[in-house]
Amino acid sequence: MGALANQSFVKMNGIGNEIVVVDLRAGAAKIEPAEARAAASPQGAPYDQLMALYPPRTPGTDAFVRIYNNDGSEAGACGNGMRCVASLVADETGKDALSFETAAGLLNCWKNPDGLFTVDMGPPRFKWNEIPLAEEFRDTRAIELQIGPIDRPVLHSPSVVNMGNPHAIFWVDDVNAHDLARFGPLLENHPIFPERANITLAHVVSRERIVIRTWERGAGLTRACGSAACAAAVAAARLKRTERKVKVTLPGGELTIEWRASDDHVLMTGPVEFEFAGKFDQALFDKAAVP
């Protein structure tokens with residue numbers, strides 16, 4: 001039997017980013033890709049990311065969290081999902097400050113007096129081999145990559161940054177003027193990105209506001225991607241287009257992103273919403289031939 005059969009779950013969202021949380025701290029095997037895909041099917045609980053809580057591996061942390069995309073692949077970070085996890089564990093423990101370990105490292109989260117949750121996403125990484133890219137670019141504020149004719153590219157010269165996941169940000173005048181559902185898969189799987197990448201269209205409205213849309217690696221078009229909001233904010237600040245603290249508007253809502261000068265960490269603040277609780281049916285995984 002897999003890890004998810006007959007397992008209880010909570011369906012939540014972070015400004016439209018569809019999140020499923022499962023608590024496996026009592027002990028369970030690692031979720032297999034086929035299981036994650038079956039759980040995301042229409043007969044299961046469709047999600048962008050599944051957040052699986054495991055027993056802490058590092059003393060002082062509240063849980064080790066594995067993050068699964070709906071295609072079964074694992075992600076290193078999901079800021080909107082971490083806010084959902086933090087909300088559940090805060091309610092369970094009564095703590096307002098929490099710490100979780102993920103594949104991207106330790107993430108601290110806390111509840112603010114206004115009820116919003118903040119996730120410390122850690123410092124961004126800019127070196128070409130940290131993102132990673134398949135070839136060296138000394139300046140990752142803009143790399144040579146384009147879609148469309150050489151003399152009239154549709155999208156070109158993205159900023160690239162790692163915010164726990166690889167991100168490419170294309171600067172545009174209108175984030176809705178491009179067919180991201182068409183270009184997203186091509187760019188996500190471009191050979192320049194050996195680990196694939198999240199693809200974001202970003203429009204700088206002012207020095208305090210950015211509007212974005214994201215094709216999420218392993219999940220597709222999403223109403224919100226927290227790490228993409230962080231990546232866009234950092235990239236814009238690197239280009240001197242914005243301040244280090246901005247509002248980022250996504251199709252699902254708004255996040256506040258601060259690239260803190262004191263320690264280089266990126267803070268993401270936003271709401272969470274509970275949708276419903278349920279239990280995965282064993283038959284869902286039998287049909288998918290999950291071992």
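Mentor: A residue counts as exposed when its relative accessible area is over 50%, and as buried when that area is under 20%. Keep in mind that this is a predicted model.

Trainee: Is Lys240 buried or exposed?
Mentor: Lys240 sits in the loop between helix 4 (226-238) and strand 16 (245-250). Its relative accessible area is 64%. The cut-off is over 50%, so Lys240 is exposed.

Trainee: What is the phi of Lys240?
Mentor: Most residues other than glycine have a negative phi. Lys240 is not a glycine, yet its phi is positive, at about 65°.

Trainee: Where does Asp264 lie, and what is its phi?
Mentor: Asp264 is in the loop between strand 17 (253-259) and strand 18 (266-270). Asp264 is another residue other than glycine with a positive value. Its phi is near 75°.

Trainee: How does Asp264 count by relative accessibility?
Mentor: Buried needs under 20%, and exposed needs over 50%. Asp264 has 28% relative accessibility.

Trainee: Which peptide bond is cis?
Mentor: Most peptide bonds are trans. Look at Pro132, in the loop between strand 8 (117-120) and strand 9. Omega is near -15° for the cis bond from Ile131 to Pro132.

Trainee: Is Ile150 buried or exposed?
Mentor: Ile150 is found in the loop between strand 9 (146-147) and strand 10 (155-156). Its relative accessible area is 78%. The cut-off is over 50%, so Ile150 is exposed.

Trainee: What separates the C-alpha atoms of Ile150 and His167?
Mentor: Along the chain, Ile150 and His167 are 17 residues apart.

Trainee: What is the volume of the largest cavity?
Mentor: A search of the whole structure finds 1 cavity of 30 Å³ or more. Its lining includes Gln49, Cys78 and Arg217. By class, that lining has 3 nonpolar, 4 polar and 2 charged residues. The volume is about 50 Å³.

Trainee: What radius of gyration does the protein chain have?
Mentor: The secondary structure comes to 5 helices and 19 strands. The C-alpha atoms fill a box of roughly 55 × 45 × 30 Å along the principal axes. A compact globule of 291 residues would have a radius near 19 Å, and the chain agrees, with 19 Å.

Trainee: What percentage of the residues count as buried?
Mentor: The accessible surface of the chain comes to about 12400 Å², and 49% of that belongs to carbon and sulfur atoms. Buried means under 20% relative accessible area. Of the 291 residues, the buried share is 53%.

Note on methods: Residues numbered from 1 in each chain as written. Predicted model: local features only at pLDDT ≥ 70, side-chain atom pairs only at ≥ 80, totals over all residues. Heavy atoms only, no water. 1 Å grid on protein atoms, 1.4 Å probe; cavity = no way out; pocket = protein on both sides within 12 Å on 5 of 7 lines; lining within 4 Å. Points joined across faces, edges and corners; volume = space filled by probe spheres on them. Nonpolar A, V, L, I, M, F, W, Y, C, P; charged D, E, K, R; others polar. Helix = DSSP H or I, 4+ residues; strand = E, 2+ residues; numbered from the N terminus. Rg over C-alpha atoms; globule rule 2.2 N^0.38 Å. Buried < 20%, exposed > 50% of the residue type's maximum accessible area, 1.4 Å probe, protein only. Areas by Shrake-Rupley, 256 points an atom, 1.4 Å probe, with all protein chains shown as cover.
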